[in-house]
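Please view the sequence and structure first.

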Amino acid sequence: MVKHILFSERSKAGLPAGSSFPVNATASADIAGGINALLDSGPSTHLTVIILTADEFLRLGAAGERLLSDSVYFRVIITGAGMDDSLSESPLLANVTHVASSPLAAAELSFHLKRAFSAMERETNLAAERNNYQSILLDMKHDQEDLINIGRALSIEKDPDHLFRLILMLSKKITGADAGSIYIVEELRDGGKQLRFKYSHTFSKDLPYEEFVMPLNKNSIAGYVAVTGTILNIPDVYGLSRSDPVAFNSSFDREHNYRSRSMLVIPMRNHHDEIIGVIQLINSKEDDSGNSRVTGNEAFEIVLSTPEDFTAKVVPFASRYESLMEAVAGQAAIAIENNRMMKQIQEQFEEFVKASVTAIESRDAATSGHSFRVAELCKQMALAVNAEEDGFFRDVQFSEMAIKELEYAALLHDFGKVYIDLAIFQKSKKLFPKEFENLMLRFDYLYRCVELRFLMEENRLLQKARGGADVSAGFDKINAERTSRLERIRAIKATLAALNEPTVTTNDPEDVVRKVHEELDALDCFDPDGNPIPVITDSDQINLEIRRGSLNPLERKEIESHVVHTYNFVSRIPWPPEYRNIPEIALKHHEKPDGTGYPAGISGDADIPIQARMMAVADVYDALAATDRPYKKPVPLEKTLSILEDEARNKKLDAELVGLFIRHRIYEKVDKDSFKTGAM
Ligand SMILES: [Fe+2]
Ligand SMILES: [Fe+2]
């Protein structure tokens, strides 16, 4: 600080005759101009005592106001006449160290000057100290904010690769580092450990990097930190000597024409205090030593291009970054571990779901792999929707999570079938095989009874013949009658066998059954004791009267209930929020746009989510194309696609999605024989 005295010509009268000043002094006729010149030259480098008369003091005007803003750097001594009450009203009063109404003695002047300079020195020192503390506080506040932001950013990043990028980018930003790398400690099967060079980035140069592994020992700088857990803050890696515990390998610098200088290497510790990796930062560009102070965030943007830049713009890492980066590394370690754990849980869960679905599907070879194929078809449809740039799906996008949600919903969509009697799924005719067998046995019994009845009648005739009667006409009649009845029984059997097939015929099944009953009534179905024979049971009748397919209304209801069972089961899984739609998607995969689906018979895009509509298309496609149904031949592709189009036209499937399915040839992306148990 330069000490300086500024005095006016007029104030001389109040000073000792022939005054000499202890420091550099300037006389000025225009005191306001002198003050302005002083302030313009940078007042913070000067400590100034201004000596002037009361008149001049009161007329300082704008110059006086300017002085107010830098009041620690000047003091005022007022000498001579012109004093009045208005002096005490001046806002500058605090800076007036002395007012002399009569001329000052030399010793007095010297005393007042010393006092003024010493007060200014004390004040400026205090101000400097205050500024220093303020800047430390500000740094701490920034660090704290950085830490909070980093913690928040790291905790929400789910993708492991993005996480490494984020950790390094944030670390470089807050320390102003130009380059950096992340190393991860990996456990080997034999219990040993190795260090994986996982990710690296250099701001000033676009340098390629490749993952590699190295032994976990103290031979490398990163290895040393990973083994010892020591933070290394090296001002210049080329300044390391043989006595230092670590040595710098300069091959990277030579290869890429880079110059590593300062380095900060921090271990990443998890909550068990185990070191799970290392963050290595190179070349801090934050100069916090001088006035041209830049924070890490700004320094990060400085590009090092020439060899001079590496000397002029690179500084050692400030020591405060050691503890700050230790905290950041701690947060990073927890985020990495959380990420690993999440991935592990996700993989375990996925394997569990797949194993459960496989177990359920293996009950029935007919549906083996169905859920896996539907999941794959749904995923391919979602990717196709994402690829559509215009048209109906222009504004529809599935995120990675949304696709996973759809896949899970598809894998589990038929899970509820586990609650349903397998025989119903496998029912290929209107009657179960045992029921049909029993029906046929009852007809065989009837057949035998009829035969027996006629035999008995023949017997009676023979007895009459032994008595001498002519019975030949009677025999002929019996023979004709027997042949006719037995033939009718065989015909009824054939009719019922045909009716047992699930195919749709032109004959009304109820009509056929009614006629069979009439026929049977005409046949007089009695056993040898005269009791009626109930050939067709009530249950047989219900099944034989099925108009379409092989299921009666009760069985159909039971099969349809699988969606509700699926929903109840899937709803009990505590899904994370991003998968919250799984139960609803699974519940609605049999709903149809025209409202004829189940379980609720809802209609319209708003009520049936697009994912459920996609699943419906995939489900119908797979059911038609599947090659493994014992009672149904696979439908050829062309026919399958035309059925899908018919279904779309009739509002049984979403027309836009069927269009997408065909346009993107989704069926070619999933092998219709894939995922079968045993085939894997
Ligand atoms: Fe289903
Ligand atoms: Fe299905």
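Predicted model: local features only at pLDDT ≥ 70, side-chain atom pairs only at ≥ 80, totals over all residues.

Residues are numbered from 1 along each chain as its sequence is written, while chains are lettered from A and ligands numbered from 1 in the order written.

Helices (H or I, at least four residues) and strands (E, at least two) are DSSP runs, numbered from the N terminus. Two strands pair if DSSP finds at least two bridges between them.

Five strands make an open sheet, ordered 2-1-3-4-5, with parallel pairing. Strand 2 (25–28) and strand 5 (96–100) are its edge strands, each pairing on one side only. Four bridges link strand 1 (residues 2–8) to strand 2. Phe7 has Ala27 in strand 2 as its bridge partner.

Six strands make an open sheet, ordered 8-7-6-11-10-9, with antiparallel pairing. Strand 8 (212–215) and strand 9 (232–234) each have a single partner strand, so one side of each lacks a neighbour in the sheet. Seven bridges join strand 6 (residues 177–187) to strand 11 (residues 275–284). Tyr183 has Val278 in strand 11 as its bridge partner.

Angles run from 0 to 180 degrees between N-to-C directions, with axes fitted to C-alpha atoms, for helices over the stretch in contact. Contact means C-beta atoms, placed from the backbone, within 7 Å.

| Helix | Reference strand | Angle |
|---|---|---|
| Helix 4 (residues 106–156) | strand 3 (46–53) | about 140° |
| Helix 5 (residues 160–175) | strand 6 | about 140° |
| Helix 6 (residues 221–228) | strand 11 | about 135° |

Note on methods:
Contact = placed C-beta atoms within 7 Å.
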